[in-house]
Amino acid sequence: MGIRIVIADDQAMVRAGLRMVVDSDPGMEVVGEAADGREAIAVARRTRPDIVLMDISMPRLDGLSAAKELLDTPSPPKVITLTTFDTDENLYAALRAGTSGFLLKVSPPEQLLEAIRVVHSGDALLDPAVTSRVIATFASRAEPTPSPRLAELTPRELEVLRLLARGLTNAEIARELYVGEATVKTHVARVLMKLSLRDRAQAVVFAYESGVVRPGAA
């Protein structure tokens with residue numbers, strides 16, 4: 001079974017170009033297209049893709065709102081947001097909406113294909129250091145609100161969350177805690193499960209907004 005993909009963009013030429021790129025990879029298949037956010041939700045629910053390539057700026061319902069609504073459904077697809085503008089505001093909004101990746105429309109075809117493979121494998125698309133920098137910038141604008149869900153974490157899981165929020169990879173966390181990388185993966189999985197988060201990117205957002213880490217902290 002190949003990776004099943006829905007393309008959502010209000011410009012037919014952009015959709016055609018994205019489809020051409022995706023179709024060039026024998027391990028991927030475009031199973032639907034949509035011209036606005038509302039249609040994207042309907043198409044995704046009907047075709048049940050693995051990944052939705054979602055334009056941020058679309059009529060009727062914008063891509064971020066569509067992504068949030070889609071990701072709130074049972075067994076949702078992963079969402080990669082597409083935009084013309086590389087702004088921290090768009091990136092932060094995409095992460096808070098629960099998307100797994102962020103890609104510029106001008107990115108080369110091979111980067112789009114790699115992004116699809118990375119997100120499909122279960123990883124967040126963004127460089128952890130970039131993610132934490134952007135989130136720290138925006139999280140500093142408001143006072144953090146501690147979450148009662150933090151009480152469910154063990155001290156070690158809380159430490160893993162702190163290190164994850166600093167942008168460390170699993171291998172770096174393993175070295176920091178003097179444990180194996182497989183152990184770190186288990187801790188990360190438990191953190192995500194206990195906090196009802198989809199991926200590492202959401203965990204970083206949660207850590208800053210709940211005060212587990214503070215902007216500027218080492």
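Author: Let us begin with arginine 48, which sits in the loop between H2 and E3; helices (H or I, at least four residues) and strands (E, at least two) are DSSP runs, numbered from the N terminus. This is a predicted model, in which local features need pLDDT of at least 70 and side-chain atom pairs 80 or more, while totals for chains, interfaces and linings use all residues. Residues are numbered from 1 along each chain as its sequence is written, and side-chain values use heavy atoms, without hydrogens or water.

Reader: OK, and is arginine 48 buried or exposed?

Author: Arginine 48 counts as exposed, because its relative accessibility is 54% (buried is under 20%, exposed over 50%, partly exposed in between, with a 1.4 Å probe and protein chains only). Its phi is near 50 degrees, which is a positive value in a residue that is not glycine.

Reader: What about serine 75, where does that one lie?

Author: Serine 75 is found in the loop between helix H3 (63-71) and E4, and its phi is also positive, at about 45 degrees, although serine 75 is not a glycine. With a relative accessibility of 61%, serine 75 counts as exposed.

Reader: Switching to the sheet, how many strands form it, and in what order?

Author: The sheet is open and has 5 strands, which follow the order E2-E1-E3-E4-E5 with parallel pairing (two strands pair if DSSP finds at least two bridges between them). Strand E2 (28-34) and strand E5 (101-104) each have a single partner and stand at the edges, so one side of each has no neighbour in the sheet.

Reader: And how many bridges are there between E3 and E4?

Author: Strand E3, residues 51-55, and strand E4, residues 78-83, are joined in the parallel sense over 5 bridges. In one of the pairs, methionine 54 has threonine 81 of E4 as its bridge partner.

Reader: Which residues does valine 79 touch?

Author: Valine 79 belongs to strand E4 and is buried, since its relative accessible area is 0%. Setting aside residues up to four places away in sequence, valine 79 touches Val52, Met54, Ala67, Leu71, Thr99, Ser100 and Gly101, where contact means heavy atoms within 4.5 Å.

Reader: How is the protein divided into domains?

Author: There is domain 1 (3-126) and domain 2 (144-210), with bounds from an automatic or database assignment. Their centres, taken over C-alpha atoms, are separated by 26 Å, and the contact takes 10 residues from domain 1 and 6 residues from domain 2.

Reader: How many residues has the largest nonpolar core?

Author: That core has 36 residues, and Ile135, Leu161, Ile173 and Leu195 have the most contacts inside it (a core is a set of buried Ala, Val, Leu, Ile, Met, Phe, Trp, Tyr and Cys residues joined through side-chain atoms within 4.5 Å). Helix H10 (200-209) is among the elements that give two or more residues, and H10 provides the largest share, 7 residues.
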